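Student: Could you take me through the ligand site in this model, and then through the helix packing? I would like one connected account, please.

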Amino acid sequence: MSGSCQQLTIDVPEELKDAIIGELSELGADGIWESGEPDPTVTRLEIYFNTPVRLEDVEPRIGPIFLRANLSPPRIVIGTVADRDWLGEWKKSYVSFPLARRFYVIPSWSESVCPPDRLPIRIDPGQAFGTGTHETTQLTLECLEDCAGDVNPSGLVVDLGTGSGILAIAARLLGCKRVIGCDNDPDSTRVAAENGERNTDHFIPLYCGSIDAMRSESVDLLLCNLTADVIAQVFAEIQRALKPGGSVIFSGILVEQRDSIRGIVTRSGWTVEDDRTRGEWIAIVVRKPYGH
Ligand code: SAH
């Protein structure tokens with residue numbers, strides 16, 4: 001390790017923040033911090049790379065996001081700073097918190113005690129998505145709390161895009177006996193397996209892959225916190241894998257993508273049973289009718 005790393009600073013409008021963080025993570029950012037906000041609608045992102053990155057590689061990823069929003073590309077300030085203890089700093093910022101109505105998230109390294117009226121979920125997300133702090137995860141869990149009781153005792157729940165495993169664990173804790181998680185990212189399936197072991201004595205099967213690996217008409221409830229684009233891509237496979245009468249919780253959808261996802265669902269003859277909004281995000285609960 002050289003003892004130094006590269007720091008990029010970009011001011012981003014709040015509504016573009018998630019898309020930009022996604023692009024920078026794909027570029028291999030080792031740490032992303034939201035720091036002092038120049039004004040309430042803008043977030044200053046400090047992005048750190050242990051392996052040097054070139055401006056020519058960053059600009060083509062960030063610029064188009066601004067252009068699509070009719071904004072001119074941002075100024076990207078690039079510099080070198082001393083190495084930081086990413087993990088140590090991040091661990092200090094991730095502390096226990098109540099989640100949805102039933103849960104209490106406890107970082108695996110914390111000694112916090114779970115309040116008696118809540119179910120503890122012990123998580124070390126590692127590099128995987130799914131700390132429980134994101135609105136899309138929260139919306140999915142709130143819908144799951146309402147749906148889990150309707151799942152037949154022998155019914156199968158699948159967590160598509162399990163990340164840290166948080167939703168699969170929550171489903172198991174809510175009493176669903178057959179829960180499977182999958183993710184097309186091998187690191188996430190490994191992290192999810194470790195988190196599964198932290199939370200339940202029952203083995204949660206996990207595989208690296210997607211919904212196409214599931215048998216036709218086998219899934220009773222699908223948890224699907226992806227993005228609108230991926231949901232549109234895999235909808236046909238979801239339709240195949242779901243049992244008639246089965247439900248899907250779709251999350252990770254931006255408010256402006258609501259109509260397009262609702263359109264895909266209703267054109268297939270499915271019914272929308274719930275629709276919730278949190279900030280710029282929505283989740284919908286849909287049911288596949290019998291005879292489809
Ligand atoms: N379920 C977690 C994580 C959601 S993030 C939560 O709710 O917090 C979305 C996850 O889906 C990522 O881990 C990503 O690797 C995975 N993913 C994206 N596209 C996928 C696909 N087509 N099939 C399976 N997993 C996918």
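Tutor: Happy to; we start at the ligand and then turn to the helix pairs. This is a predicted model, in which local features need pLDDT of at least 70 and side-chain atom pairs count only at pLDDT 80 or more, while totals for chains, interfaces and linings use all residues. Residues are numbered from 1 along each chain as its sequence is written, and side-chain values use heavy atoms, with hydrogens and water left out.

The ligand is surrounded by 19 residues, where a residue is near a molecule if one of its heavy atoms lies within 4 Å of it. The closest are Thr137, Gly161, Asp183, Ser210 and Asn225. By class, this shell has ten polar, six nonpolar and three charged residues; Ala, Val, Leu, Ile, Met, Phe, Trp, Tyr, Cys and Pro count as nonpolar, Asp, Glu, Lys and Arg as charged, and the others, Gly among them, as polar.

Now for the polar contacts, meaning pairs of N or O atoms within 3.5 Å. Asp183 uses an N or O atom of its side chain, which is 2.6 Å from an oxygen atom of the ligand. The backbone also takes part: a backbone N or O atom of Asn184 lies 3.2 Å from a nitrogen atom of the ligand, and a polar backbone atom of Thr162 is 3.4 Å from a nitrogen atom of the ligand. Taken alone, the ligand exposes 580 Å², of which the protein buries 85% (accessible areas by the Shrake-Rupley method with a 1.4 Å probe). Strand E8 (156-160) and helix H5 (166-173) are the elements that give two or more residues to the shell; helices (H or I, at least four residues) and strands (E, at least two) are DSSP runs, numbered from the N terminus.

H5 leads us to the helix packing. The axes of H5 and helix H4 (residues 135-147) come within 11 Å and cross at roughly 20°, with axes fitted to C-alpha atoms over the stretch in contact and angles running from 0 to 180 degrees between N-to-C directions. That makes H4 roughly parallel to H5, a term for angles under 35 degrees, with those over 145 counting as roughly antiparallel. H4 passes H5 in a right-handed crossing, that is, with the near helix turned clockwise from the far one by less than a right angle, whereas anticlockwise is left-handed.

Helix H7 (residues 228-241) and helix H8 (residues 258-267) have axes that come within 10 Å and cross at roughly 15°. H7 and H8 are therefore roughly parallel, and their crossing is left-handed.

How values were computed: Polar contact = N/O pair within 3.5 Å; in protein donor to acceptor, adjacent residues only side chain to side chain. Parallel < 35°, antiparallel > 145°, perpendicular 65-115°, else oblique.
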